[in-house]
Amino acid sequence: MNAYTPTIGLEIHAELKTNTKMFCDSKNDPDEKRPNVNICPVCMSHPGTLPTINKKAIWHVLRVGKALGGKVSDYTEFERKNYFYPDLPKGYQISQYKFPLISGGNLNGVLVTRVHLEEDTARSMHDQHEHETLVDFNRAGIPLMELVTEPVVKSAKEAGNFARELQLLLRYLEAGDANMEKGEMRVEANISVSKDNIKGTKVEIKNLNSFRVVEKAIEYEIGRQTEVLEGGGKIVQETRGWDEKKEVTFSQRIKEESHDYRYFPDPDLPHLKISEIPEFQNIELPELPQGMRERYKKEYGLKDEDIEIYVRDSVYAQFFEEVVKNLLTDKEAIQFASNIFTTDITALVKSEGGYPKYINDKKVIASFARIAEMRKEGRVSSNTATILAKVILLNGGDAETIAKKRGLMQKSDEGELAAIVEKIIRENEKVVLEYKSGKEQALQFLIGVAMKESKGSANPEILRDLFKQLLTN
Ligand code: MN
């Protein structure tokens with residue numbers, strides 16, 4: 001039915017983590033709630049003030065560029081992007097135009113056009129007064145990274161995943177927290193749809209403030225454009241917003257062309273030659289999400305879904321890596337450890353609403369590794385492993401001691417189990433007769449009763465063998 005192909009390009013802004021703002025020494029504190037306290041004559045653009053460049057912000061963008069495999073431009077400069085808006089104290093935004101810091105690169109296959117550095121605008125607050133808009137300038141001048149992709153994204157889901165992956169990357173690089181709900185990362189999408197001879201027109205959707213909204217708004221816009229074209233209409237090149245209540249995009253304004261901004265190099269700022277600035281040489285990166293995925297696959301042989309649990313949660317990852325240290329190269333035990341953790345402990349964390357108290361405790365971590373080994377050796381059932389793991393993570397203690405004390409070790413001792421089996425046979429004459437007359441399910445029932453008798457600690461395979469032995473004699 002829908003033979004239109006969507007073409008999507010993304011523009012993502014992310015605030016960078018620095019002590020001070022991009023061009024002055026006012027504090028960069030995204031958590032400051034009091035309005036207009038982190039401001040100074042420079043970011044308020046008083047006459048006679050001069051901006052100075054925050055090197056840390058450039059360093060962050062260079063690291064992002066390296067992580068993306070982009071090209072660092074050796075020569076770079078800042079330009080003024082002129083437009084009038086109440087949230088822009090200077091009447092222009094200092095940004096980069098002709099010479100972005102980074103050109104090219106890709107993130108998990110999505111091609112990146114450029115990454116540049118600019119300053120954030122102030123925050124307009126429309127909801128404080130009925131007829132007035134208030135402006136909080138704390139945010140004005142905070143270092144802001146802008147990343148633009150090539151128009152290569154093909155679906156709403158892919159766009160959402162790209163934004164998620166960028167957030168993860170920024171966090172790994174400690175370049176920013178990129179919380180979309182807090183406005184620390186903002187997504188804009190350029191969307192067109194086309195079919196054979198019908199070439200689409202690009203529409204921009206702005207202010208997408210959660211991953212869910214990114215996906216919903218793009219999905220909606222693809223549908224809307226398709227419908228307009230199918231009905232013989234024309235797509236207007238414009239900027240649209242997202243109406244959260246109605247879940248539709250709506251027209252905001254007809255798009256300005258970039259030349260309307262009258263970009264020109266900022267005469268107050270020096271041009272930079274990156275290769276001549278010592279702090280920007282030999283930039284090193286930590287392990288990044290993709291590298292971590294590959295390592296977990298190769299070294300531990302975990303499933304992709306399980307790997308993602310660790311990649312997305314550094315507390316889990318740290319716990320797991322410590323467990324692995326206790327298991328050395330025992331790949332099988334490592335996999336048991338991960339299974340116990342990903343199926344049961346992550347669910348526990350969800351239900352408790354926080355990490356278990358002992359998740360960083362060295363002794364508990366060693367004991368957790370022992371549970372994985374006992375599981376591998378068949379000395380505890382999977383049920384018992386779960387119980388033990390929960391108990392030690394919540395309350396501390398040693399798993400093996402607890403297991404022995406509570407009689408939870410899987411009993412594989414045939415003498416001990418034979419006694420249980422004999423007792424069950426004596427007490428369940430009727431069922432035994434049923435089994436002897438050919439009813440196979442009766443055996444399952446007997447094994448169940450025996451398991452119960454052993455408080456779940458018996459090895460069910462051995463029970464089965466014992467019953468068969470004793471009942472065929
Ligand atoms: Mn921008």
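## The loop between α2 and β12

Glu-174 lies in the loop between α2 and β12 (185-194), where helices (H or I, at least four residues) and strands (E, at least two) are DSSP runs numbered from the N terminus. Although Glu-174 is not a glycine, Glu-174 has a positive phi of about 55°. At 59% relative accessibility Glu-174 counts as exposed; buried means under 20% relative accessible area, exposed over 50%, and partly exposed in between, with a 1.4 Å probe and protein chains only. The loop between α2 and β12 is also the place of Ala-178, a residue other than glycine whose phi is positive and near 55°, but Ala-178 counts as buried at 1% relative accessibility.

## Basis of the values

This is a predicted model, in which local features need pLDDT of at least 70 and side-chain atom pairs count only at pLDDT 80 or more, while totals for chains, interfaces and linings use all residues. Residues are numbered from 1 along each chain as its sequence is written, and side-chain values use heavy atoms, with hydrogens and water left out.

## The manganese site

The manganese ion has His-13 (NE2), Glu-118 (OE) and Glu-146 (OE) as its protein donors, which lie 2.1 to 2.2 Å from the ion. Donors are N, O and S atoms within 2.8 Å of the metal (3.2 Å for Na, K and Ca), and sites may look incomplete because water is not among the atoms. Along the chain, the donors of the manganese ion follow the spacing H-x104-E-x27-E. Glu-118 lies in strand β8 (residues 110-119) and Glu-146 in strand β11 (residues 143-149), so this pair ties together parts that are 28 residues apart in sequence. Glu-118 is buried, with a relative accessible area of 2%, and Glu-146 is buried as well, with a relative accessible area of 8%.

## The second largest pocket

The second largest pocket holds about 390 Å³ of space. On a 1 Å grid over the protein atoms alone, a pocket is an open set of points with protein on both sides within 12 Å along at least five of seven lines, whereas a cavity is a set of points where a 1.4 Å probe fits but cannot get out; lining residues have an atom within 4 Å of a point. Grid points are joined across faces, edges and corners, and a volume is the space filled by probe spheres set on the points.

The lining of the second largest pocket comprises 17 residues, of which Tyr-172, Tyr-310, Asp-313, Ser-314 and Ala-317 lie nearest the pocket centre. The elements that give two or more residues to this lining are α2 (156-172), α4 (289-300), α5 (304-311) and α6 (314-327), and α6 supplies the largest share, five residues. The lining residues divide into eight nonpolar, three polar and six charged, where Ala, Val, Leu, Ile, Met, Phe, Trp, Tyr, Cys and Pro count as nonpolar, Asp, Glu, Lys and Arg as charged, and the others, Gly among them, as polar.

## Aromatic pairs

Rings of Phe, Tyr and Trp (its six-membered ring) pair if their centres lie within 6.5 Å, and planes under 30 degrees apart count as stacked, over 60 as edge-to-face and the rest as tilted. By this rule the count comes to 17 aromatic pairs. The rings of Tyr-296 and Phe-320 have their centres 5.8 Å apart and their planes at 40°, so the pair is tilted. This pair links distant parts of the chain, with Tyr-296 in helix α4 and Phe-320 in helix α6, 24 residues apart. Tyr-296 is buried, with a relative accessible area of 0%, and Phe-320 is buried, with a relative accessible area of 1%.

For Tyr-310 and Phe-320, the ring centres are 4.5 Å apart and the planes stand at 25°, so the pair is stacked. Here too distant parts of the chain are linked, since Tyr-310 is in helix α5 and Phe-320 in helix α6, ten residues apart. Tyr-310 is buried, with a relative accessible area of 0%. Ring pairs link Tyr-296, Tyr-300, Tyr-310, Tyr-316, Phe-319, Phe-320, Phe-341, Tyr-355 and Phe-368 into a cluster.

## A charge over a ring

The charged end of Lys-81 sits over the ring of Tyr-261, 4.5 Å from the ring centre; such a contact requires NZ of Lys or CZ of Arg within 6 Å of the ring centre and within 35 degrees of the ring normal.
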